[in-house]
Amino acid sequence: MLKRFARMVKALTLRRKGAPIRPAPKTTLTTTTLKGPCTYSSVKAILSKSFDIIFRDFTIEGKQPVKGHLICVDGMVDKELVNNFVLKTLMVQGNHPVLSKVTPGNAFEMVFSHLITNNEVKKEDLLSNAIDAILSGDSVLFIEDQPGAIIVGARGWGNRGVSEPEAESVVRGPREGFTETLRINTSQLRRKIKSPDFVMKPLKIGEVTRTDVVMAYIKGIANDKIVKEVENRLQAIKINGILESGYIEELIEDVPYSPFPQVFHTERPDSAAADLLEGKIAILTDGTPFVLTVPSLFVQFFQASEDYYERPFTAVLVRFIRQFGVVIALLLPAVYIAVTTFHQDMIPTALVLSIAEGRQGVPVPALVEAFSMEITLEILREAGLRLPRPIGQAIGIVGALVIGDAAVKASLVSPIMVIVVSLTAIASFTTPAFSMGITIRLLRFPLMLLSGMFGFFGLSIGIYALFLHLCSLRSFGIPYFYPAAPGNLFDLLKDTLVRAPWWAQRATPRIFTNPDPEYSSSGSLKALEEEPS
Amino acid sequence: LKEYISGRQVTFLALGVILGTVFLPIARMVAEKAGRDGWMLIIPAFLSAFPFVYLTLFTYLKAPGVDILQRAKQLLGPWLGYPLAALFCFTSIAFGGLLIRQSTELFSHSIMIEMPFWVLLVGIEMLLVSVVYLGIEVFARFNESIVIPILLSLVFLILFSIPKAELSMLKPFLYNGLKPIIKTLPGIPFGFEYCFFLWILLPFIHKPHEVMRSSFRGFLIISILLTGVVITELCVFTPEEATRMFYGGFSLARSVEIGTIFQGLEPFFIVFWFGASIIKASAFLFCAYFSFKAIFPLRHGLLVVIVGITSSAMALVPESTIDIVKFISIIDNYFILPIASLGICLLAIVSYIKDRRKP
């Protein structure tokens, strides 16, 4: 029993390198397991079970009639393109000088070179690749008695238009965001970075879903070793399906059990492009507007793209407010609990009396009071998020005003606790990155518990443990807490605590680009070079 | 992963490792022996340790890549090398344990008087074991990230105490002449604590030749800051009163007031100073870890556990604050000082001779 439990705990906690996640049964036909030559009959035998696959048989009226077959997926293919530029050219153009030369012997070559007027065509000999292409939305053309297939790029499905990302809205800056379609996303990046050094490498991840993933970086700026490491980690993913970039994020990050996000994600093409220009690598996943950028630093989660569009002084002010907001969101309830429970002598007498008066009649200690208030707030926030927007807003107002007021009147909580919790909630919204905001909300609870049990001693232990953990983290070999530790005053002043004017930011941040260990201060890139994972 | 420490991190390590909780009793230590002129001996005391940084580096550079303990084994042979490692190990464990006990005192004597001792010990030990487990590079980064706020807290302490300070307390200067100052110099061995730590730190430094410059910066900053703390304490409490207080820093922190709103800021200072004591204790636990490793090449995790248990046991030995101060003084003067000075001199000489004999 105990052994089974230990095995279960081990399975849930230890990440085994290279172990497949939810592998597909061996009997399942996937494009990776399909081997053999590409013929119409073999493809039809595999795909004919699905009703959404279109099999179009036709005859090319050449010198001699030649049979042809077109396979595509209904709803994923641009029908107009296929009809006008593939079928029409092959079927109805009587007395066409080229068509009249087609014989069963040369049909394949003639169709490929002279008859299909699409700009994206490719010959394919492998069965797996042909099926992959069909299921990805391309059309595949077969000529009777001829080996191989012609893949015609004709993907076209209904997609959401480019719109402003709601979670990363700005007052000044582009109003466009990534969409769920990979091709649109890559084009958005390409539109911003027109350099020939901007490289996009396609990958397919997910044994069953075969999700298209693109790794993008700027050659010459991004460090080759980091690029290689990212590629290795992506290729090492063995999972049955990828439905969102969050899957990839969890599978490639250095310390999966850390509360801190080690992979940055954005919906904004300008933000992704800025990261690319700094030497980072972007990972775009089909089906999601969230693009991952690696390596990521802790400070990056407190920077917004607007910081770089506004005047430096404005950005400096906003950054200071954000940093102050983080401190409040993380520590205010814990400090309040510690001060009211253990260190009352810290508070001026007038304030002590006021707090004591407010707490009169409250039946629970400050720790329980703060915990219940924080949990109520989290419930309200979660409820507001899941409900339709107008109802969600109403829930927030009802929760904040009505319940809060009623709780104070009923002496369930003290008025000062309501102030502390409200301030904390407001301060937590100052963090631009949602993933880091959640982390700060999460970390508040253990700190509250520590300060409620052990006062400032517990709080100190908690704070130093957090610092220690931050210092121990790496993102793709780069110290996560850079430029605070390893310290770099220049980078700290250039684009961390404050934002220097653009003319002062002459060099690309060296931590991502230069392989000299001295730049990373603790030689992390050197370490990466010595032992790639 | 191979661990590296940069020159800048060495400066911060010098600051962090020397500082620890030294600023709490230093005013008493210097005032006891040199009276009101005690503040004058801090900078010379630190400078006197500086040649030994050079000797440590000199010995290391003769065979880079191995720490001084392993170098000692190479130079003196196993019969002398292992006992030296054992002595180093005992000194590190004893000093580390005492520093842990002093860290608990930081709270039990100020803001957590009611808290049971074992709770404080367990909390601190857990944090320290985590530091040692994560390795010396993470420790260097951790130190780097928290040492500046710690130094700033001391600067603020000095600044906020200025209104209460009376400079006349220091006058007349050198009333008893230079003799008491010179006699007290060996009694301030904090610079040697850093030299002791360098024995195991050097192989991790990316550019060892930068150690001298980095260490000098660290020594200079810390000695100026500690001189400031001592002058403030002497001026605020009078030299006579300062000799009676075990931890004068606490009293100074307790007396800080900013207007009428902020008073009793001691807990905030304690939070920062606790970080300083953690750094110093961690440094000596690292010394213990590497010296254990030199004698018993066990697995990393097991060694960390052994270091944690032995240091906790050592922390239980002193029975009172007087004992802690006494034991720290004994380890400082009779173990760390001789190892970091005479020990390194011996190794440097042997290394030099052996080097010359080489064809």
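Start by selecting B:Glu137 and A:Arg474, whose side chains meet in a salt bridge at 3.2 Å, N to O. (A salt bridge here is a side-chain nitrogen of Lys or Arg within 4 Å of a carboxyl oxygen of Asp or Glu.) B:Glu137 sits in helix α7 (residues 136-161) of chain B and A:Arg474 in strand β11 (residues 474-475) of chain A, so this pair joins two chains. Helices (H or I, at least four residues) and strands (E, at least two) are DSSP runs, numbered from the N terminus. Buried means under 20% relative accessible area, exposed over 50%, and partly exposed in between, with a 1.4 Å probe and protein chains only.

Some housekeeping: this is a predicted model, where local features need pLDDT of at least 70 and side-chain atom pairs count only at pLDDT 80 or more, while totals for chains, interfaces and linings use all residues. Residues are numbered from 1 along each chain as its sequence is written, chains are lettered from A and ligands numbered from 1 in the order in which they are written, and side-chain values use heavy atoms, with hydrogens and water left out.

Next, pick B:Lys62 and B:Asp355, a salt bridge with its closest N and O atoms 2.9 Å apart. B:Lys62 belongs to helix α3 (residues 42-62) of chain B and B:Asp355 to helix α15 (residues 321-357) of chain B, so the pair ties together parts that are 293 residues apart in sequence. B:Lys62 is partly exposed at 29%, and B:Asp355 is partly exposed at 32%.

Hop to chain A and select A:Asp212 with A:Lys204: another salt bridge, 2.6 Å between the closest N and O atoms. Which of the two is buried? A:Asp212 is, at 14%, whereas A:Lys204 is partly exposed at 30%.

For a cluster, select A:Glu374, A:Glu378, A:Arg381, A:Arg441 and A:Arg444, which are linked in a network of salt bridges. The whole structure has 33 salt bridges over all chains.

Last stop: show helices α6 (residues 182-192) and α9 (residues 269-277) of chain A, which pack at about 60° with their axes 10 Å apart. Axes are lines fitted to C-alpha atoms, for helices over the stretch in contact, and angles run from 0 to 180 degrees between N-to-C directions. To see the contact (heavy atoms within 4.5 Å), select A:Gln188, A:Leu189 and A:Lys192 on α6(A), then A:Pro269, A:Asp270, A:Ala272, A:Ala273 and A:Leu276 on α9(A).
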